[in-house]
Amino acid sequence: MWVRAAVNCAVPFIVAGVGRLAGRRTSAETALWPRYLARYHDDRPGITELLLDPATDRRGNRPYSWLVAPLRGKAKTILDLACGSAPTRDVLRDERWLGVDLSAGELALAAAAGRGPVVCGRADQLPIGDNTVDAVCAAMRFPVLTPLDAVLAEVTRVLRPGGKLVALVPSRMRLGRGLRGWWRVMRALRIRSQPWPNPDARDGLPKILRAHGFVVEASERRVFRREIADPRAAALLVDGLYLPGIAPENVEAARLALATWARPGRRLPFPLCRVVARLPVAG
């Protein structure tokens, strides 16, 4: 059942945009994005899980548990698209689960943690047969997976009629607690937002999915917060950003800027949107 080979791996991270900050915007199109992405995750396996998993919303929920909640007990077979270190496996223990990713480093980390099965493959050439899964989950993937049209065509192909897609994507930043920390980072980097190739696949994901034939059942936004207590946590945060083409001195300046802001009890906001969609059943 799980066959065919070779994801344009992606474990994106967060700043969706904090307004018109001083600086320049780099172009994902000129940054050799797929090559950068593959190298990034081989060099930093597990980094998105390290950053995202400790974050909680005001109810105490964590992002990965919130993502897969619509699938628990309702989907027998689940594909985790660009699974990275496979954090969803720990919250989907009773389902038949398969993780697919292109990064050898991420897959090795997932296997070492007993999170399997996992397989190496591209998101636009999934190693899975037609109509073979009940659901696809994708945590922080669609703003960075390329080419997005081909990726969504593959998701459509492997899903059974009526199958579900549950996606977690960054949402745009709004005014609120912790915004000053992000402002320091982006100002030091001299960018206005991260140079993702598919910036519309954030709050605009429902529209994109409808254009690919999905029926959107729900789109919900929540703000998760993560403590940045010390310089080490500040450095981890900056290292967790996709920054192709950003000068090393700017990256170091961002680490220092956030480190001076960091202290116990200070938390950065991570606004996220969960989109639940399904394929229509023919006839």
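Select Tyr242 to start: at 0% relative accessibility it counts as buried, a term that means under 20% relative accessible area, with exposed being over 50% and partly exposed in between (1.4 Å probe, protein chains only). The model is predicted, so local features need pLDDT of at least 70 and side-chain atom pairs count only at pLDDT 80 or more, while totals for chains, interfaces and linings use all residues. Residues are numbered from 1 along each chain as its sequence is written, and side-chain values use heavy atoms, with hydrogens and water left out.

**The aromatic pairs**

A pair of aromatic rings is described by the distance of the centres and the angle of the planes. Rings of Phe, Tyr and Trp (its six-membered ring) pair if their centres lie within 6.5 Å; planes under 30 degrees apart count as stacked, over 60 as edge-to-face and the rest as tilted. The structure holds seven such pairs. For Tyr40 and Tyr242 the centres are 4.8 Å apart and the planes stand at 75°, so this pair is edge-to-face. Tyr40 sits in helix α1 (residues 33-43) and Tyr242 in the loop between α8 (231-239) and α9 (248-261), 202 residues apart. Helices (H or I, at least four residues) and strands (E, at least two) are DSSP runs, numbered from the N terminus. Show Trp33 and Tyr36 as well: ring pairs link them with Tyr40 and Tyr242 into a cluster.

Next, select Trp182 and Phe270. Their rings form an edge-to-face pair, 5.5 Å centre to centre with 85° between the planes. Trp182 belongs to helix α6 (residues 179-189) and Phe270 to strand β7 (residues 267-278), so the pair ties together parts that are 88 residues apart in sequence. Trp182 is buried at 0% relative accessibility, and Phe270 is buried with a relative accessible area of 0%.

**Helix α8**

Move to α8 and pick out Ala233, Ala234, Leu237 and Val238, which are buried. Look down the helix axis: the buried residues fall within an arc of 135°, so they line one face of α8. That arc is taken from the directions from the helix axis to the C-beta atoms. What covers these buried residues includes α2 (47-52), α6, β6 (215-227), α9 and β7, where contact means heavy atoms within 4.5 Å.

**The sheet**

Now display the strands. Seven of them form an open sheet in the order β3-β2-β1-β4-β5-β7-β6, with mixed pairing; two strands pair if DSSP finds at least two bridges between them. The edge strands, β3 (118-120) and β6, each pair on one side only.

Zoom in on β1 (residues 77-81) and β2 (residues 96-101), which run parallel and are joined by five bridges. Ile78 stands opposite Trp97 in β2, and Asp80 has Gly99 of β2 as its bridge partner. Five of the six residues of β2 are buried. On to β3: this strand pairs with β2 in the parallel sense over three bridges, and Gly99 stands opposite Val118 in β3.

**The cysteines**

Finish with Cys83 and Cys120. Cys83 is buried, with a relative accessible area of 1%, whereas Cys120 counts as partly exposed at 37% relative accessibility. How many disulfides does the structure hold? It holds zero, a disulfide being a pair of cysteine sulfur atoms within 2.5 Å.
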